[in-house]
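Here is a brief report on selected features of one protein model.

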Amino acid sequence: MIRIGNASGFYGDRLSAVREMLTGGDLDVLTGDYLAELTMLILGRQRLKDPAGGYAKTFLRQLEDSLGTAVERRVKIVSNAGGLNPAGLADAVRALAARLGLDITVAHVEGDDLLPRAAELGLDGALTANAYLGAWGIAECLNAGADVVVTGRVTDASLVVGPAAAHHGWAPGDLDRLAGATVAGHVIECGTQATGGNFSFFTELDDLGHAGFPIAEIAEDGSAVITKHPGTGGAVTVETVTAQLLYEIQGPDYLGPDVTTRFDTITLAADGPDRVRISGVQGSPPPETVKVCVNTLDGFRNSATFVLCGLDVEAKAALARRQLETAVGAEGLHWTLARTDHPDADTEETASAFLHATIRTPDPQRAKAFSRATVELALASYPGFTLTAPPADGTPVGVYRADYVDRSEVAAVAVIAGERKTIPWGEATRVEPRSIDYPASTAEYGPTRAVPLGHVIGARSGDKGGDANLGVWVRKPEAFAWLLGELTTDRLRELLPETRGLDVERHPFPNLNAVNFLVRGVLGQGVAASTRFDPQAKALGEWLRSRVVDVPEAFL
C-alpha cells in the first residue's frame with residue numbers, strides 16, 4: 001500500500017501542518033489542497049494586480065520550513081497550490097530549493113486554464129475559467145521522478161488518486177481502483193474534517209484541541225484505510241469518515257474527470273483505534289464533459305451592522321432602514337434583523353439585537369456612499385445608535401458558476417525537466433443522473449419524545465456555488481427507515497423555513513445510513529455574492545440538528 005497524508009484543506013489552513021505531518025510518522029506522499037471556488041476568485045483578483053502571482057504563497061512558506069525534511073524522509077509532495085499559475089509556483093519552488101541547497105526535481109501540471117479561450121468556449125464574462133483536471137498528469141510527473149508536483153485546478157481527490165495510480169501502476173480502465181482512491185481522496189482532502197473537525201458529536205472526542213491531519217493507506221485493489229499519526233489529536237471513526245463522505249456531494253454518482261464513483265457502494269468498517277477501512281467501491285466511466293469553474297465580477301457590495309439595544313427594537317430597525325434607504329436608495333439593499341436580544345437582560349450585549357444591512361450595486365461610488373451615509377446617521381437616528389465596526393469603501397462582488405465543455409477542448413499537460421507531455425483522456429460515456437429508490441418503512445416505532453433532532457442524527461453541510469449540500473446520518477442503523485419517513489423534502493422545508501420555495505433534492509445512501517439533501521439556490525449567486533447570514537451554509541446542518549421533533553424513544 002501507499003501512505004498518503006494531507007496537510008491542507010483550504011487556503012488558510014494550519015501553517016504548521018506540513019511540518020507536523022512530515023515529522024509525525026512515515027509517509028510516502030504528502031498532499032495539500034488549497035483551492036476552492038472562492039479561492040479561485042481570490043487568486044483571480046490577485047492576478048489582476050500582479051500577473052506573476054495567482055498561486056498560494058503560504059505553500060512556499062511551508063516548504064521553506066519543511067522541504068529539507070521531506071527530502072530527507074523521501075516524501076513526495078503533491079499540491080494544487082499552483083492555482084492560476086502552476087508554472088510560476090514551480091519556478092518559485094525551484095528557486096527555494098536552490099537557496100536551501102536541495103537537489104530536487106519539481107514538475108507541474110497545467111492545461112486547466114481556459115481563460116484565453118473563454119469567448120470561444122462560451123464562458124462569457126469570465127475572470128477565471130479553469131477546468132477540473134484529473135489524476136493522470138500528476139501520475140505522469142511522479143513516474144518521471146518528480147519530488148514536488150504542483151498543479152492548477154485538478155479535482156481535490158486527484159491529489160490522492162494520482163500518487164496511488166503511479167505507485168500501483170493503474171491504468172485509466174481500472175475504474176473500481178480509481179473509484180476507491182477517489183473516495184479516500186475525498187475523505188482526506190478537507191484535512192481535519194476527517195479527524196473530528198466540524199464534527200456534530202465533537203463533545204464525545206477526547207482531544208480535539210489540536211486535531212491531527214488524516215492519512216489514507218491505499219492498497220493495490222483501491223481499498224483504503226483512513227488513519228492519522230499516533231499521538232495526534234482528534235479521532236478517526238466510522239462517523240467522522242461518514243461526515244466527510246457526505247460533504248459537498250449530490251446524488252449517488254460522484255462525477256470526476258477520470259471515473260464516476262458510486263457512493264452507494266461504499267462500505268465503512270472500524271479497523272482498530274483511529275482506523276476506518278473503506279472497501280467495495282465501484283466505478284464506471286467518467287462523463288463526456290469536463291466541469292469548469294468560472295468566476296465573474298458582478299458589481300460591488302458593502303455592509304454594516306447596527307446595534308439595537310433595549311426597548312423598541314422593531315421601531316429602531318424601521319427608522320434606520322428608512323433613513324438609509326432615503327440616503328442611498330432602496331435598490332440593491334438587503335436587510336436582516338437578528339433578534340438576539342433578551343428581555344430584562346443583565347448585560348448590554350444580551351439586551352441587543354443586530355440589524356444587518358448589505359448593498360449590492362453596479363456603481364462603486366454608490367457602494368462607497370453607503371459607508372458615508374451610514375456614519376452620518378450616528379447622531380441623527382435611534383437612541384443608542386452604534387455599529388459593530390466602521391463600514392469600509394465596498395468590495396467587488398465575485399460570482400461563481402459551473403460550466404461544462406467537451407473533453408476534447410481540454411488537455412492536461414505534465415511539465416517536467418523542460419519537457420511537456422500531453423496526457424490523453426481515458427474512456428468516457430454519457431452519464432445520466434441516477435437516484436436511489438429506497439422507500440421509508442411504515443412500521444410503528446413506539447412512544448416518542450420531543451427532543452432536538454441532533455440527539456439521533458449527525459450532519460455536515462456546505463456550499464456548492466449557489467446551492468447548499470446538507471448530509472445527515474443516523475447513529476443507530478435501525479433508525480434509518482424512520483429517518484427516511486421523517487425527513488422528507490417537505491419536512492426539511494418545515495424545519496428550515498429559509499428553504500421554503502426552493503428546489504430541494506433528496507438522495508438516500510442506505511449503505512451509510514444517511515440522506516443527502518441538495519438545496520438549490522439558497523446561497524443566491526454563491527459564497528462571494530451571498531447576503532445570507534451563513535453564506536457558505538457551514539452551519540445549516542447544525543441548525544437542522546437543533547430543531548425539536550418527536551423522536552421514537554427506542555432510538556434515543
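## Glu-486

Glu-486 sits in helix 11, residues 480-486. Helices (H or I, at least four residues) and strands (E, at least two) are DSSP runs, numbered from the N terminus. The model is predicted: local features need pLDDT of at least 70, side-chain atom pairs count only at pLDDT 80 or more, and totals for chains, interfaces and linings use all residues. Residues are numbered from 1 along each chain as its sequence is written, and side-chain values use heavy atoms, with hydrogens and water left out.

Glu-486 is buried, at 18% relative accessible area. Buried means under 20%, exposed over 50%, partly exposed in between (1.4 Å probe, protein chains only). Beyond its neighbours within four places in sequence, Glu-486 contacts Arg-491 and Val-549. Contact means heavy atoms within 4.5 Å.

Four strands form an open sheet in the order 22-23-25-24, with antiparallel pairing. Its edges are strand 22 (457-464) and strand 24 (504-509), each pairing on one side only. Strands pair if DSSP finds at least two bridges between them.

Strand 22 and strand 23 (residues 467-474) run antiparallel, joined by eight bridges. Ala-459 has Val-472 of strand 23 as its bridge partner.

## Cysteines

How many disulfides does the structure hold? It holds zero. A disulfide is a pair of cysteine sulfur atoms within 2.5 Å.

The sulfur of Cys-293 is too far for a bond, because the closest cysteine sulfur, in Cys-190, is 15 Å away. Cys-293 is buried, with a relative accessible area of 0%. Cys-141 is buried, with a relative accessible area of 0%.
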